[in-house]
Amino acid sequence: MRAVLTWRDKAEQCIYDLAFKPDGTQLILAAGNRLLVYDTSDGTLIQPLKGHKDTVYCVAYAKDGKRFASGSADKSVIIWTAKLEGILKYTHNDSIQCVSYNPVTHQLASCSSSDFGLWSPEQKSVSKHKSSSKITCCSWTNDGQYLALGMFNGIISIRNKNGEEKVKIERPGGALSPVWSICWNPSRDEHNDILAVADWGQKLSFYQLSGKQVGKDRSLNFDPCCISYFTKGEYILLGGSDKQVSLFTKDGVRLGTIGDQNSWVWTCKVKPDSNYVVIGCQDGTISFYQLIFSTVHGLYKDRYAYRDSMTDVIVQHLITEQKVRIKCKELVKKIAIYKNRLAIQLPERILIYELYSDDSSDMHYRVKEKIVKKFECNLLVVCSDHIILCQEKRLQCLSFGGVKEREWQMESLIRYIKVIGGPPGREGLLVGLKNGQILKIFVDNLFAIVLLKQATAVRCLDMSASRNKLAVVDENDTCLVYDIHTKELLFQEPNANSVAWNTQCEDMLCFSGGGYLNIKASNFPVHQQKLQGFVVGYNGSKIFCLHVFSMSAVEVPQSAPMYQYLDRKMYKEAYQIACLGVTDADWRELAMEALEGLEFETAKKAFTRVQDLRYLELINSIEERKKRGETNNELFLADVFAYQGKFHEAAKLYKRSGHENLALDMYTDLRMFEYAKDFLGSGDPKETKMLITKQADWARNINEPKAAVEMYLSAGEHIKAIEISGDRGWVDMLIDIARKLDKAEREPLLLCAHYFKKLDNPGYAAETYLKIGDLKSLVQLHVETQRWDEAFALGEKHPEFKDDVYVPYAQWLAENDRFEEAQKAFHKAGRQSEAVRVLEQLTHNAVVESRFNDAAYYYWMLSMQCLDIAQADQGQKEEMLVKFHHFQHLAELYHVYHSIQRYTELVPLCYRCSTNNPLLNNLGNVCINCRQPFVFSASSYEVLHLVEFYLEDGITDEEAVALIDLEAPRLTKKERKWQEITNPSSQTLRLDETVDHIEEDDPFTAKLSFEQGGSEFVPVVVNRAVLRSMSRRDVLIKRWPKPLRWQYFRSLLPDASITMCPSCFQMFHSEDYELLVLQHNCCPYCRRRIDEASQ
């Protein structure tokens, strides 16, 4: 156990008491007439609390963390909140000596020199009780039922929650031994409540709730001022006049010192649920320590001994998981274990234990010898008759009687020592030094043997079972393996912190490091798996791993190293590895590999493991033949291959060994007649004839078509097998044949597809066509079965089949009165004339039946067809463009005619010159004043506030869009509070009126002017400067496909929104468009669905 100082501070006054907040984040100290609040993480003083007028003697925190209390020489108790605010104060008649909160009910006990009080938040007043003597200390039991009071006259009074005395403990020292500190053990594992009592008679005692003393008084040799338990009750802290804090077990065994101080220690406590300790001293020093409990343990093969609760030793059998506890009642400093011996070093002696019997599972130890002498050593090793003490560079060998028999002085610090066995009294030790030297020492020999010297310091060592190889882990985390006899470095592996050889297999070792377990067999590559901790032993398939403070046996399958040996055809070594522990599948693989390698002894053992009688019979027959003098290994291997189903390999070996007849017998027994023919080739005609006769007889006798199919298949006569299966409607058999056939076998696969179609299984037919890559047949199949989605997908991937898909599809649609879809299908297939003819017929029917809205839609589609043809065929470009404009015009007419009867008044206003036009206009749909063509809404046929403009020569569409997108800022509205208008006949004043005003310097406004009274239309032509001045939201663009030019429109009322369909480029008031789209889910003109991507 080590105590590491975390932080220290110095107050100006004596620290009489302290308390931790239950979550451990804050520390409250009583220093002078103030309370000091510290942050426990770094020792920062958070805040001093003032409230008392005299020295504060005591402080306590409630278990729920909501409040704490302090008591002072000013006779008052103050209750504080967790926010460090005083909320209540009450007084006693004398100075307050101690305070304590009930851990369950949070009732506060406050004790003075003459009485004690009990208070809880729900009480209006403090319940006080007189005391016959000065109360020095108090403590509640875990369940909060009883309060123990320690008196200056040496008496301990145990009271219930109401303050009534239930037990009175009178101690032998009486008034000469004032009880100065008491504390109940907080452990919930104890059967009885145990009270620890420290008095100024320099004694430590323990009592049960009944008042019965537990054990004897323990002498302290100093005046104790404070006693407290660790959170789980396993250790006790004691401090006082010896100017230090001592650590004791819960039974009162002193374990060590936690920090020497310069003055009396008045208080010490443990941070909740941790190993941190805080100490408060007479001179105002506050010290915060971390206790580090080191692991004290020893291991030999499958026995692991380790320290528990600092004074006990637990011996664990790693295989049987049995445990035995040895109570030493003193601090255990070192542990060593070897075979049937166990050595435990205590502060003043060494105990040597032995097992009762030689039984490997016996766990009963008894004391064999005691060496009553104090030793200082770094490492302890026990042998059959000796103990070895390691002190820095020196090794001492002592007999069990404590007599020093031998001593070895090393060149450097000893870093590792291990017993490697040997006869009793002559055991060998493996020693690793800091300078890289590795030695072997025999306990009966004064001279150490240097095994080898390496450049880096030794961290861990182990020797193989045969003593031929040495594994070393050095300070660079490298595992190095040496040949002991030649001193040669065999191999090295990185990332190792510990290493162990397998005690049952010479060539296997494992090492751990970096969160991985590494297993290495011979010179094969390392096999890795995740594992936390240190490898300390390797026995068979079990690896012993130490993680933190617990030792566990990990079962590791040895499959990986076994396969490494099999790859090298090292069957006997692979069998040895398998015996350590592998799966049944691994045993079977080993058996097969050994059998093929003609290692019959190993194969026999392996097949016995998996209980495979069939192969054991084969091995037995081969062994019998070998006894009779047969030596032809190729013949034996041919039999093995035949058993394994490797018939062709078997036939080749039969032929090579001169036993062709055995190959023929094998093929005919298996009814593999065609293979038998191939095997014969152009051999003896008699043999061929006999083979054909056997085949004919078997076929005649069997008279089963399924068997015939299988026979044809085995003979490679796939077409005959397919014909039989197809004629009998065996679809499953056909599927199996088609999937097994190679795609190069086109003819049988096509026959399979034919039968699939015939048997109404188009899915399998499609699979077969795909396999041979016959896409044309696949397309025909989809068309015949009207699986149009699959046909379209194929048509998209392979455009050459478009005609084969869309023409039949269009014909099918037309046959089913789905003419619009048929027209689209003709169009997709590139059959423009058929597509136009269908559309013309649809349009004619719509006009005849007075469906003018449909007629408009069909005329629009016709115009777009003409535009597509103009793009694709330069020869028809002019003609098609004329038709495009004609059909567009007709579409608009019919659309207007469909809608116009719903409106009673249409007075067109020209937005270029602001002229109201008559309803009937001889000039057509243009302004009578400026000749500007009107732009109508395609739903209401009102004139839209748009003016078409044209680009100046040399400006491309792309450049125009880029210039408009620049969005040059300009003021479009000017607001006036009043406006004066003067003319020759009147003067007018308008108040609070907002006037929309397009700035006079707007370039586009200037372009709207025209010559009054002219009969020719003057278009608005804009240059780059005008385009740059426009706002993108005020411009609408009809982006016609080539060869048409784009059309540009400028909105003169930007606040009135206009929407343009991206498909037909018709304009609408946005509100009308949104309403119609909500009603029909498509454009009201071209019927483009709103969820379609923009074309």
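These legends describe close-up views of a predicted model.

**View 1. A four-stranded open sheet with antiparallel pairing.**
The strand order is β1-β28-β27-β26. β1 (2-10) and β26 (265-270) stand at the edges with a single partner strand each, so one side of each has no neighbour in the sheet. Neighbouring strands are turned by 20 degrees against each other on average, direction ignored.

**View 2. Antiparallel pairing of β26 with β27.**
Five bridges join β26 to β27 (residues 276-281). C268 stands opposite I279 in β27.

**View 3. Salt bridge between R325 and D308.**
The N to O distance is 2.8 Å. R325 sits in β32 (residues 323-327) and D308 in β30 (residues 303-308), so the contact ties together parts 17 residues apart in sequence. R325 is partly exposed at 41% relative accessibility. D308 is also partly exposed, at 22%. A search of the whole structure finds 24 salt bridges.

**View 4. Salt bridge between E354 and K368.**
The closest N and O atoms are 3.9 Å apart. E354 belongs to β35 (residues 350-355) and K368 to β36 (residues 365-371), so the pair ties together parts 14 residues apart in sequence. E354 has 15% relative accessibility and counts as buried. K368 is partly exposed at 32%. A network of salt bridges links R341, E354, R366 and K368.

**View 5. Salt bridge between K542 and E555.**
Here the closest N and O atoms are 2.9 Å apart. K542 lies in β54 (residues 542-547) and E555 in β55 (residues 550-555), 13 residues apart. K542 is partly exposed, with 23% relative accessibility. E555 is partly exposed as well, at 46%.

Notes: Residues are numbered from 1 along each chain as its sequence is written. This is a predicted model: local features need pLDDT of at least 70, side-chain atom pairs count only at pLDDT 80 or more; totals for chains, interfaces and linings use all residues. Side-chain values use heavy atoms; hydrogens and water are left out. Two strands pair if DSSP finds at least two bridges between them. Helices (H or I, at least four residues) and strands (E, at least two) are DSSP runs, numbered from the N terminus. Axes are lines fitted to C-alpha atoms, for helices over the stretch in contact, and angles run from 0 to 180 degrees between N-to-C directions. A salt bridge is a side-chain nitrogen of Lys or Arg within 4 Å of a carboxyl oxygen of Asp or Glu. Buried means under 20% relative accessible area, exposed over 50%, partly exposed in between (1.4 Å probe, protein chains only).
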